[in-house]
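Please read the following points alongside the sequence and the coordinates.

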Amino acid sequence: MEENLLKQLGCADSMYSSCLCFDAFNRLARAGLHDSIVGCLVGSALGDAVGLYTEFLSGDMSAAAYPARKFVLSPQSQATPFRRDSHRGPHRPGEWTDDTDHAMLLLLSFLHTDLKTLDPTDFAARLHVWVQFGFLPLDTLPLGLGRAVGAIVRTKTYLDDPEAAARRHWTNCKYNVAPNGSLMRTHPLGLVCLDRNLDETFDLGAAFSVVTHVDPRCVASCAIGTALVRGLVLREIHTEADIDSMIGAAIHWYAKYRVRALQEHPERRDEPDLDVSELRRHAKVESLDDLELDDSGKIGYVYKTLGAGVHLLRLAMRDTATGMLTSRALAFEPLITDLIMRGGDADTNACFAGALLGAYLGYANLPLNWRNGLRHGEWLLGKAEGLSQMLGVADGEYVGSADRETARDGGRASC
């Protein structure tokens with residue numbers, strides 16, 4: 001896999017293969033991939049943890065609760081206290097929520113097979129365990145369980161056919177349900193698609209969405225989110241024009257995806273199709289104000305999360321256009337802070353945005369104050385390092401199938 005990744009980065013040209021300069025470039029390429037992979041996973045968890053401060057608040061309530069617009073996670077003795085309410089009461093500063101739990105379930109599923117298979121049904125089974133018992137490797141409760149995910153996964157026949165259960169829920173809700181619960185977890189899939197082409201990446205994004213979210217808006221958003229992570233890590237996406245091009249490719253892919261789906265399931269012809277204009281409108285906004293993130297009736301809408309993440313990535317690209325190292329190191333915290341101060345589904349919005357920014361900026365450019373205050377951060381770094389080793393971009397050898405925590409029971413043999 002390592003050789004394939006280096007070829008995609010354009011650094012395996014045979015005319016340089018015998019030169020010392022190639023060896024140096026090889027090492028730099030591996031280091032860059034490694035930094036981006038770890039940055040994606042940790043950046044997403046940081047966005048999730050910091051976003052919890054303002055989740056479900058309005059922008060005005062967020063400003064009243066945190067007038068300094070400054071969030072400290074480390075040292076933990078000086079961590080910014082939560083606004084006192086029942087939603088934040090069960091949590092401690094620096095803890096992530098269900099968003100990162102679900103992403104980790106996805107990652108552990110991949111690691112358990114040593115990246116040989118990417119199986120949506122295995123992820124669905126892990127989600128079923130999580131709803132009942134929580135995140136077993138860390139012995140944490142399933143806090144933040146979304147309404148749609150809970151209703152679908154608790155269906156008696158869910159494990160028989162996860163997509164069918166999700167489709168029944170969507171139909172029963174008269175096709176009006178398009179929440180962000182599948183988009184928030186999609187970034188690990190982008191990391192294991194590095195040696196796959198774009199259409200394969202889109203297909204996998206869709207396959208892992210429909211185990212809980214079948215609405216075309218959710219499917220398209222997951223395809224885009226997965227491909228953005230892949231492209232950022234591979235340095236195929238480094239300008240706003242690249243973002244626009246990839247979104248255009250996703251729209252073209254979705255048209256083919258729908259044709260295939262209707263050929264296999266003609267009974268779905270009356271289901272809503274993708275509104276391309278609405279997707280484009282959310283994927284390219286002038287400012288976060290345009291997304292109305294704290295609109296109380298639509299805070300969990302998938303396009304709000306998609307639009308927020310893509311817009312922050314655009315801003316990061318503008319902020320770092322000078323190429324100065326200091327601009328990259330200073331970008332993450334103010335962008336995520338501005339996002340969460342707008343309230344709404346702040347942890348999920350920042351979880352997705354944090355994955356994109358982390359992949360773009362790299363782990364080395366994530367704020368130390370937040371990195372060092374992330375509870376279970378060492379555990380997450382261990383799994384990120386293991387993935388990097390399996391992908392061949394970090395030294396050492398990690399065998400996911402030999403790691404008991406990657407099993408469905410989290411290594412606890414309790415369920």
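1. In this predicted model, helix H10 meets helix H11 through Pro-216, Val-219, Ala-223, Ile-224, Ala-227 and Leu-228 on the H10 side, while H11 contributes Ile-243, Met-246, Ile-247, Ala-250, Trp-253, Tyr-254 and Tyr-257. Sorted by class, the contact of H10 with H11 has 13 nonpolar residues, with no polar and no charged ones.

2. As for the geometry of this pair, the axes of H10 (residues 216-233) and H11 (residues 240-264) come within 10 Å and cross at roughly 135 degrees, which means that H10 is oblique to H11, given that an angle has to be over 145 degrees to count as roughly antiparallel. The crossing of H10 and H11 is right-handed.

3. H11 also packs with helix H12 (residues 276-283), and here the two axes come within 12 Å and cross at roughly 160 degrees; H11 and H12 are therefore roughly antiparallel to each other. This crossing, too, is right-handed, and the residues that make the contact are Ile-247, Gly-248 and Ile-251 of H11 together with Val-276, Leu-279, Arg-280 and Ala-283 of H12. By class, the contact of H11 with H12 has five nonpolar residues, one polar residue and one charged residue.

4. H15 and H16 cross in a right-handed sense. From H15, the contact involves Phe-332, Leu-335, Ile-336, Leu-339 and Ile-340, whereas H16 supplies Ala-346, Asn-349, Ala-350, Ala-353, Gly-354, Leu-357, Gly-358 and Leu-361. The contact of H15 with H16 comprises ten nonpolar and three polar residues by class, and no charged ones.

5. Which residues does the UniProt annotation "binding site" cover? The record, an unreviewed entry, lists Thr-97, Asp-98, Asp-99, Asp-345, Asp-347 and Thr-348. Although these positions are spread over 252 residues of sequence, they cluster in space, the largest C-alpha distance being 12.5 Å. The lining of the largest pocket includes Thr-97, Asp-98, Asp-99, Asp-345, Asp-347 and Thr-348.

6. A final remark concerns the placement of one of these annotated residues. Thr-97 is found in the loop that lies between helix H3 (59-65) and helix H4 (98-112).

Conventions:
Residues are numbered from 1 along each chain as its sequence is written. This is a predicted model: local features need pLDDT of at least 70, side-chain atom pairs count only at pLDDT 80 or more; totals for chains, interfaces and linings use all residues. Side-chain values use heavy atoms; hydrogens and water are left out. A crossing is left-handed if the near helix is turned anticlockwise from the far one by less than a right angle, and right-handed if clockwise. Helices (H or I, at least four residues) and strands (E, at least two) are DSSP runs, numbered from the N terminus. Contact means heavy atoms within 4.5 Å. Ala, Val, Leu, Ile, Met, Phe, Trp, Tyr, Cys and Pro count as nonpolar, Asp, Glu, Lys and Arg as charged, and the others, Gly among them, as polar. Axes are lines fitted to C-alpha atoms, for helices over the stretch in contact, and angles run from 0 to 180 degrees between N-to-C directions. Angles under 35 degrees count as roughly parallel, over 145 as roughly antiparallel, 65 to 115 as roughly perpendicular and the rest as oblique. UniProt positions are given in the numbering used here, feature names are shortened, and annotations may be inferred rather than shown by experiment. On a 1 Å grid over the protein atoms alone, a cavity is a set of points where a 1.4 Å probe fits but cannot get out, and a pocket is an open set with protein on both sides within 12 Å along at least five of seven lines; lining residues have an atom within 4 Å of a point.
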